[in-house]
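Subject: Structure handover

Hello,

Here is the structure I promised to pass on. My notes follow below it.

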Amino acid sequence: MPQVHYCGVCRTRSRRLYTPAQRAAEQYGHRRQFHGGRAPDGEGFLKVPWTDWEQRPVGERRASLAVAAVLLVLLLVRLI
Ligand SMILES: [Zn+2]
């Protein structure tokens with residue numbers, strides 16, 4: 001399940017984060033950029049629900065993108 005990083009001091013939330021590496025990088029970057037590398041009060045991660053798109057199987061997402069790309073190419077060819 002994706003998570004967002006939130007900061008109790010800045011009262012901000014990050015974009016959706018999907019891997020431990022993304023979470024660690026977001027936390028490190030936020031601390032470094034806004035708090036001198038220190039941990040701000042009220043900092044943490046919140047689990048957020050998957051979107052409909054994210055819940056679909058990878059193969060189905062790729063197939064949808066391929067169909068959309070073909071339709072876009074056909075539209076562009078027709079317009080030119
Ligand atoms: Zn902050």
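Glutamate 54 sits in helix H2. This is a predicted model, and H2 (residues 52-55) is the part of the chain where confidence is lowest, at a mean of 83. Glutamate 54 is buried, because its relative accessible area is 14% and the cut-off for buried is under 20%. A polar atom of the glutamate 54 side chain lies 2.8 Å from the backbone nitrogen of threonine 51. Neighbours within four places in sequence aside, glutamate 54 is in contact with Pro2, Arg16, Tyr18, Pro49 and Arg61.

On confidence overall: the chain has a mean pLDDT of 94. Of its residues, 100% reach 70 or more. Confidence is highest in helix H1, at 98.

**The zinc site**

Which residues coordinate the zinc ion? The donors are Cys7 (SG), Cys10 (SG), His30 (NE2) and His35 (NE2), at 2.0 to 2.2 Å. The site is tetrahedral, with angles of 105 to 116 degrees among the four donor atoms. For reference, the ideal angle for four tetrahedral donors is 109.5 degrees. Along the sequence, the donor residues follow the spacing C-x2-C-x19-H-x4-H. Cysteine 7 belongs to strand S1 and histidine 30 to helix H1 (residues 20-35), so this pair ties together parts that are 23 residues apart in sequence. Both cysteine 7 and histidine 30 are buried.

Histidine 35 also lies in H1. Is histidine 35 buried or exposed? Histidine 35 has a relative accessible area of 17%; the limit for buried is under 20%, so histidine 35 counts as buried. Its side chain makes a polar contact with the side chain of histidine 30, at 3.2 Å. Beyond its neighbours within four places in sequence, histidine 35 is in contact with Cys7, Val9, Cys10, His30 and Pro40. Cys7, Cys10 and His30 in that list are also zinc donors.

**The sheet**

Three strands form an open sheet in the order S2-S1-S3, with antiparallel pairing. S2 and S3 are at the edges and have a single partner strand each, so one side of each is left without a neighbour in the sheet.

Strand S1 covers residues 3-7, and four of its five residues are buried. The details of its pairings:

- With S3 (residues 44-47), S1 pairs in the antiparallel sense over four bridges. Histidine 5 stands opposite phenylalanine 45 there.
- With S2 (residues 12-13), S1 pairs in the antiparallel sense over two bridges. Tyrosine 6 stands opposite arginine 13 there.

In a regular strand, side chains alternate between the two faces of the sheet.

**The hairpin loop**

S1 and S2 form a hairpin with four residues between the strands. Arginine 11 is placed in that loop. What is the phi of arginine 11? Phi is near 60 degrees, a positive value in a residue other than glycine. Most residues other than glycine have a negative phi. Arginine 11 counts as exposed, because its relative accessibility is 72% and the cut-off for exposed is over 50%.

**Leucine 17**

Where is leucine 17 placed? Leucine 17 is in the loop between S2 and H1. Its relative accessible area is 0%, so leucine 17 is buried. Leaving out neighbours within four places in sequence, leucine 17 is in contact with Pro2, Gln3, Val4, His5, Gln22, Arg23, Glu26 and Phe45.

Best wishes

Terms used. Residues are numbered from 1 along each chain as its sequence is written. This is a predicted model: local features need pLDDT of at least 70, side-chain atom pairs count only at pLDDT 80 or more; totals for chains, interfaces and linings use all residues. Side-chain values use heavy atoms; hydrogens and water are left out. Buried means under 20% relative accessible area, exposed over 50%, partly exposed in between (1.4 Å probe, protein chains only). Two strands pair if DSSP finds at least two bridges between them. Donors are N, O and S atoms within 2.8 Å of the metal (3.2 Å for Na, K and Ca); water is not among the atoms, so sites may look incomplete. Four donors count as tetrahedral if all angles lie between 85 and 135 degrees; four count as square planar and six as octahedral if opposite donors are over 155 degrees apart and all others between 65 and 115; anything else is irregular. pLDDT is the predictor's confidence in each residue, from 0 to 100. A polar contact is a pair of N or O atoms within 3.5 Å; within protein, one must be able to donate a hydrogen and the other to accept it, and residues adjacent in sequence count only if both atoms are side-chain atoms. Contact means heavy atoms within 4.5 Å.
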